[in-house]
Amino acid sequence: MRYRVLGCSGGEAPGYHLSSFLLDDTVLIDAGSVSAVLEIPAQLKIESVLLTHSHLDHVRGLCHLADNVFGRRDRPISVYSIEPVLEALKTSLLNNVLWPDFTEIPNSHMPILDFRAISEGTATPLGHFRVTPIRLSHTVVSLGYLLEGDFGTLLHLGDTGPTEAVWHMVKGMPNLRAVMIGTSFPNRLQHLADLSGHLTPQGLKGELAKGDVKANVYVYHMKPPYVSEIAEELKQLVPECHILEEGKEYSFPPIP
Ligand SMILES: [Zn+2]
Ligand SMILES: [Zn+2]
């Protein structure tokens, strides 16, 4: 499985793109920077979008993606998340005020975006993957996704502060290949991390201990002003972790 990082920053600034990850060219996790980074032909290949939560830095590109593919695809793009996340998008973003409701355009039978609610804790087939949403702890409903395929299992977490359920789920899990998780603020700004439902390096260390995580850990969603400070603290506190790189494609080959 190819996991391409379109953007993985916790904020937007020149050289820093918002969260969006492309799996095998067709499945997108979050849509922050998809339309800013991907060429149009590649945008047309996207079949499914998995949304971790409703925050703008994770969904904004969905508006422009819908606009770009309008009239150029013969079937909808399926957009998956749990009901409250999809509902938030319908109410607050694709509400015909901030942006047209592309779940009804050109009509509700064959729209540009087909919203499909999936259930927490239940594996749903999606192309050649199986995806299971797990509730995290953020200022709004936020999810992690367990992605299963011939590569084993990958855990991609949306925004979260300290949380529990997901760690119970992955503790001792065989074939867990990688965990993608946000670390947004340096340790001295723990109060901001707590207020905004994010982690610091010391918080990350505590979370990984809860899950007794042995898989590769990839950190993302760093706030641009603090990138070097966070990276330095990670080197001290969680030296085994990697920092996810924008523009890079990570390969997870099949387990023999
Ligand atoms: Zn968020
Ligand atoms: Zn975010």
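**Strands, zinc site and aromatic pairs in a predicted model**

Good morning. In strand β10, Leu-157 is the bridge partner of Gly-144. That residue pair belongs to a predicted model, in which local features need pLDDT of at least 70, side-chain atom pairs count only at pLDDT 80 or more, and totals for chains, interfaces and linings use all residues. Residues are numbered from 1 along each chain as its sequence is written, chains are lettered from A and ligands numbered from 1 in the order in which they are written, and side-chain values use heavy atoms, with hydrogens and water left out.

I begin with the strands. Helices (H or I, at least four residues) and strands (E, at least two) are DSSP runs, numbered from the N terminus; two strands pair if DSSP finds at least two bridges between them. β9 and β10 run antiparallel and are joined by six bridges, and a hairpin connects β9 to β10 through two residues. Strand β8 (residues 129-135) also pairs with β9 in the antiparallel sense, over six bridges; there Arg-135 stands opposite Leu-143 of β9. Of the seven residues of β9 (residues 143-149), five are buried, where buried means under 20% relative accessible area, exposed over 50% and partly exposed in between, with a 1.4 Å probe and protein chains only.

I turn to the zinc site. Which residues are the protein donors of the zinc ion (ligand 1)? They are His-53 (NE2), His-55 (ND1), His-138 (NE2) and Asp-159 (OD), lying 2.2 to 2.3 Å from the ion. Donors are N, O and S atoms within 2.8 Å of the metal (3.2 Å for Na, K and Ca); water is not among the atoms, so sites may look incomplete. The angles among the four donor atoms run from 89 to 164°, and the site is irregular. Four donors count as tetrahedral if all angles lie between 85 and 135 degrees; four count as square planar and six as octahedral if opposite donors are over 155 degrees apart and all others between 65 and 115; anything else is irregular. Asp-159 bridges the zinc ion (ligand 1) and the zinc ion (ligand 2), which lie 3.6 Å apart. His-55, in the loop between β4 (48-50) and α3 (56-69), and Asp-159, in the loop between β10 (152-157) and α5 (165-170), are 104 residues apart. His-55 is partly exposed, at 25% relative accessible area, whereas Asp-159 is buried at 4%.

Finally, the aromatic residues. The structure holds eight aromatic pairs. Rings of Phe, Tyr and Trp (its six-membered ring) pair if their centres lie within 6.5 Å; planes under 30 degrees apart count as stacked, over 60 as edge-to-face and the rest as tilted. The ring centres of Tyr-3 and Tyr-250 are 6.4 Å apart and the planes stand at 75°, so this pair is edge-to-face. Tyr-3 lies in strand β1 (residues 2-7) and Tyr-250 in strand β14 (residues 249-251), 247 residues apart. Tyr-3 is buried at 0% relative accessibility, and Tyr-250 is buried at 9%. Phe-21 and Tyr-220 also form an edge-to-face pair, 5.2 Å centre to centre with 80° between the planes. Phe-21 is in strand β2 (residues 20-23) and Tyr-220 in strand β12 (residues 216-220), so the pair ties together parts 199 residues apart in sequence. Both Phe-21 and Tyr-220 are buried. Ring pairs link Tyr-3, Phe-21, Tyr-218, Tyr-220, Tyr-250 and Phe-252 into a cluster. Thank you.
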